[in-house]
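Hi everyone, thanks for coming. Let me put the structure up, and then we'll walk through two spots together.

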Amino acid sequence: MEYLYSIFHFFVVYTACGFFLKRFDLSTRESFCHGGWLSLCLIYFLYKILFLVRIPEYSLYLDLILDTIFIVFIFKRSKLWKRSFKRNLTFLRTQSISTKVLLLLIAIPLLYGFALALLLSPTTIDVNAYHESRILLMQQQGTYFLEKFNDICEVVYGLGYDLVLHNHLRFGEDRGLAIYGFISFICITGFLFNFFNEKDTKGYWYFLPAILFLGLIEPIYQSFSAKNDLPGALACLAGFH
């Protein structure tokens, strides 16, 4: 059950990044959309340093220290998220029945997908062939630069987002690895909504790009894998935003 800590750690970092970005006059939606890529970059950066200095076994201790700091920061910002929660609750109460039904129809499959991302292990060929395997080899060899490998892809392909998977794989557990892709999927949807959501817009046409993205088969499929496609797309949209 160690993977529960891995998920907890990711959401602590993600939440802290979202609250930190809120300080730069971003809306709650914008700050947490940007928090998706920032949290992945932060986790990647810290793990990369540990692997470069050949002490990846200390990553758990570093994460525990960071969790303590970030939790304190989150509670210090408790007034902010309580205010945002009340504002969102008020918004929902003021919506018409048809809007509430539409939001419910969107929320149910997203919550189901969130549960799957937490419980399933990735089964895609690429993930099993080299995404996961090279992180496991790096953990065994204790270095960022592999001296022995099983597949040429493990050393030829660039090592970026895959290093984030160490958060789970250090416990020998790949259950819940899809959470990074799924959160990226949600953040991308939020960005698409932000791009077309203007204050003077009337009607619901600005929902269309986000809803179309939610219905695409390939992004949904990628959101349940540990591949780097969606995190990469998220970083691109964040740079454009």
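Let's start with a quick one: is Ser-184 buried or exposed? Ser-184 is buried, because its relative accessible area is 1%, and buried here means under 20%, exposed over 50%, partly exposed in between, with a 1.4 Å probe and protein chains only.

Before going on, a word on the source: this is a predicted model, where local features need pLDDT of at least 70, side-chain atom pairs count only at pLDDT 80 or more, and totals for chains, interfaces and linings use all residues. Residues are numbered from 1 along each chain as its sequence is written, and side-chain values use heavy atoms, with hydrogens and water left out.

Back to Ser-184, which sits in helix 9, residues 179–196; helices are DSSP runs of H or I, at least four residues, numbered from the N terminus. Leaving aside residues up to four places away in sequence, Ser-184 touches Leu-40, Leu-230, Pro-231 and Leu-234, with contact meaning heavy atoms within 4.5 Å. Leu-40 is 144 residues away along the chain, yet the two C-alpha atoms are 9.5 Å apart. A polar atom of the Ser-184 side chain also lies 2.8 Å from the backbone oxygen of Tyr-180.

Now for the surface. Phe-45, Ile-49, Leu-52, Val-53, Ile-55, Tyr-58, Tyr-61, Leu-64 and Phe-145 form a nonpolar patch with about 880 Å² of accessible area together. Helix 2 (28–52) and helix 3 (59–76) each give two or more residues to this patch, and the largest share, three residues, comes from helix 2. Leu-52 lies in helix 2 and, at 43% relative accessibility, counts as partly exposed.

Conventions: Patch = residues over 30% accessible without salt bridge, like charges linked within 9 Å, V, L, I, M, F, W, Y side chains within 5 Å. Areas by Shrake-Rupley, 256 points an atom, 1.4 Å probe, with all protein chains shown as cover. Salt bridge = Lys/Arg side-chain N within 4 Å of Asp/Glu carboxyl O. Polar contact = N/O pair within 3.5 Å; in protein donor to acceptor, adjacent residues only side chain to side chain.
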